[in-house]
Amino acid sequence: METILAKALGQEVGQMATTEKQLLLSRLLARLAHEIRNPLSSLDIHVQLLEEDLAQIPASEREKLTDRLSIIHGELHRLENIVKQFLRLAGPSALDLEPVDIAKTVEHVCELLRPEAAARQIEIAVRMTGGLPKIRADSVQLTQALLNILINALQAVERQGRVTVQVDRSEAERVLAIQVTDTGPGVPSERLTTIFEPYFTTKSDGSGLGLWIAQQIAAAHGGEIQAGNAPGGGAVFRLRLPFRESESSRG
Ligand SMILES: Nc1ncnc2c1ncn2[C@@H]1O[C@H](COP(=O)(O)OP(=O)(O)O)[C@@H](O)[C@H]1O
Ligand SMILES: [Mg+2]
C-alpha cells in the first residue's frame with residue numbers, strides 16, 4: 001500500500017516517511033515554542049515586579065541586586081526573541097497559502113488512490129456540485145490531510161466496498177465540508193476522540209500519526225476534522241474548512 005502510494009506520488013518510500021517526519025517535527029517544535037512562551041512572559045512580569053520592589057531598598061544594598069536583575073531581564077528578552085523567531089518559522093506562517101480549487105485537490109487525491117482501490121475491488125466515488133469556491137490554503141498540506149483520511153478509509157474497508165468523498169459548501173457558515181464515508185467496520189464510539197492522538201493506532205504496522213497530522217493541518221487552516229459513524233456502519237470523517245467572503249466567487 002505505502003509503496004504503491006509512494007510510486008503514485010513519484011517518491012521513494014523512505015522520502016515519504018521523511019516528509020511526514022519533518023511535518024511532525026516542525027509541528028512538535030511549534031508546540032514546544034508555544035509552551036515555552038507562557039512561562040517566559042510570566043517570568044518577565046515577576047522580574048519587573050522585583051525591580052519595583054528593589055526601588056524600596058536603600059541605595060547601598062540595591063546596586064548589586066539591580067545589576068543581577070537587569071542581566072536576568074536581558075536574558076529573558078533574548079529567550080523571548082528566540083521563541084518569537086521560531087514561531088514565525090514553524091508556526092502557521094509555514095503554510096504556503098494560494099487559491100486552491102478543492103474540486104481538483106479531491107480529484108487528484110482520488111486518482112492517486114484508485115489503482116490501489118481497484119486492486120482491492122473498492123470503489124472510490126466522488127460527489128460534488130459545481131461552483132465550489134476557491135479557498136486560500138496550502139494545497140500540498142491539504143493533499144496530505146486528505147490522503148491520510150482516504151488511506152485510512154481504504155485500510156478500514158480492506159476489500160470489496162466503497163469509499164465516498166462528498167464535498168459541500170455551507171453558505172450560511174462559510175464552510176467547505178469534505179466528507180469521507182467508508183463501508184468498513186467504523187470507529188467504536190469511545191474511540192472517536194482518541195484516534196486523533198499522536199501515536200494512537202490499532203494497526204500492527206501503523207504510525208498512529210495520520211489523523212493527528214491531518215487534524216493539525218485542518219487546524220492550521222482554521223478548520224477541523226470530526227469523526228463519526230454512518231447510520232449503516234462505516235466511519236465518517238468530515239474535514240471542515242472555512243472560506244472568506246472574498247473567496248466565495250465561483251470558478
Ligand atoms: N476509516 C476508518 N475506519 C475505522 N477506523 C479508523 C478509520 N480511520 C482511522 N481509524 C482508526 O484510527 C486509528 C488512527 O489512525 P491514524 O492516525 O491514521 O494512524 P494509523 O493509520 O497509522 O493507525 C487507526 O489505527 C484506526 O484504529
Ligand atoms: Mg493512517
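The following exercises, with worked solutions, concern a predicted model.

Local features of this model need pLDDT of at least 70, side-chain atom pairs count only at pLDDT 80 or more, and totals for chains, interfaces and linings use all residues. Residues are numbered from 1 along each chain as its sequence is written, and side-chain values use heavy atoms, with hydrogens and water left out.

**Exercise 1. The overall architecture**

Determine how many helices and strands the protein has, and in which order they run.

Solution. Helices (H or I, at least four residues) and strands (E, at least two) are taken as DSSP runs, numbered from the N terminus. On this basis the protein contains 6 helices and 7 strands. Read from the N terminus, their order is α-α-α-β-α-β-β-α-β-β-α-β-β. Next, consider contact, defined as heavy atoms within 4.5 Å. Of the contacts between residues at least 6 apart in sequence, 70% join residues at least 24 apart. Finally, the protein has 251 residues, of which 37% are buried; buried denotes under 20% relative accessible area, exposed over 50%, and partly exposed in between (1.4 Å probe, protein chains only).

**Exercise 2. The geometry of helix α4**

Solution. At the start of the helix, a side-chain oxygen of Asp101 comes to within 3.1 Å of the backbone nitrogen of Ala103. After α4 comes Gln121, with a positive phi near 55°. The buried residues of α4 include Val106, Val109, Leu112 and Leu113.

**Exercise 3. A buried aspartate**

Identify the surroundings of Asp182 and state which side chain of opposite charge is nearest.

Solution. Asp182 belongs to strand β5 (residues 175-182). A salt bridge requires a side-chain nitrogen of Lys or Arg within 4 Å of a carboxyl oxygen of Asp or Glu. Asp182 is buried and has no salt bridge, the nearest side chain of opposite charge being Lys203, 9.4 Å away. For this assignment Lys and Arg count as positive and Asp and Glu as negative, while His and the chain ends are not counted. The side chain of Asp182 does reach the backbone nitrogen of Gly184, at 2.8 Å. Leaving aside neighbours within four places in sequence, the residues in contact with Asp182 include Ala153, Val157, Arg162 and Gly234.

**Exercise 4. Salt bridges**

Solution. Side chains of opposite charge can pair when their charged atoms come close. The whole structure holds 8 salt bridges.

1. Arg114 is partly exposed at 26%, as is Glu111 at 45%.
2. Glu171 is partly exposed at 37%, whereas Arg169 is buried at 19%. A network of salt bridges links Arg169, Glu171 and Arg174.
3. Arg240 lies in strand β7 (residues 235-242) and Glu224 in strand β6 (residues 224-229), so the pair ties together parts 16 residues apart in sequence. Arg240 is buried at 16%, and Glu224 is partly exposed at 32%.

Definitions and conventions. Chains lettered and ligands numbered in written order. Polar contact = N/O pair within 3.5 Å; in protein donor to acceptor, adjacent residues only side chain to side chain.
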